[in-house]
Amino acid sequence: MSQVLETFPTTFVERRNYSVPAIPPGVERRQFGNSHEGLSPEARELAQAIDQYKLTHRRRFITYEEMLFVLKSLGYQKVS
């Protein structure tokens, strides 16, 4: 019966490059695009309110509940 023995390198090879960040410093990833061009005035107002909410609450992404809060803070109501 023959045994197969694998040999592993004795040193760990670090392949990740930490000197080049994936996102440039000072640039924050956003849930929605940074540009509000091409939006209707109402959509632009909502986008700016969501961006302000995220900045104020230090959130990169928001939940549906938080989005509903933003919508209600702008005065939107469900019409029956």
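## Burial and surface

A residue is called buried when its relative accessible area is under 20%. In this predicted model, 12% of the 80 residues of the chain count as buried. The accessible surface of the chain is about 7,700 Å², and carbon and sulfur atoms hold 56% of that area.

## Fold content

The chain has 2 helices and 0 strands. Among its contacts with a separation of 6 or more, 42% link residues 24 or more positions apart.

In soluble globular proteins, nonpolar side chains tend to be buried together. Here the largest nonpolar core consists of 5 residues, namely Ala49, Ile50, Tyr53, Ile62 and Val70. Helix 1, spanning residues 41-56, supplies the largest share of this core, with 3 residues.

Tyr53 belongs to this core. With neighbours within four places in sequence set aside, the contacts of Tyr53 are Ile62, Glu66, Phe69 and Val70. Of these, Ile62 and Val70 are also listed in the core.

## His36

His36 sits in the segment before helix 1. Is His36 buried or exposed? The relative accessible area of His36 is 17%; the cut-off for burial is under 20%, so His36 counts as buried.

Apart from neighbours within four places in sequence, His36 is in contact with Arg44, Ala47, Gln48 and Asp51. With Asp51 there is also a polar contact, made between the two side chains at 3.0 Å.

Notes:
Residues numbered from 1 in each chain as written. Predicted model: local features only at pLDDT ≥ 70, side-chain atom pairs only at ≥ 80, totals over all residues. Heavy atoms only, no water. Core = buried A, V, L, I, M, F, W, Y, C linked by side-chain atoms within 4.5 Å. Buried < 20%, exposed > 50% of the residue type's maximum accessible area, 1.4 Å probe, protein only. Helix = DSSP H or I, 4+ residues; strand = E, 2+ residues; numbered from the N terminus. Contact = heavy atoms within 4.5 Å. Areas by Shrake-Rupley, 256 points an atom, 1.4 Å probe, with all protein chains shown as cover. Polar contact = N/O pair within 3.5 Å; in protein donor to acceptor, adjacent residues only side chain to side chain.
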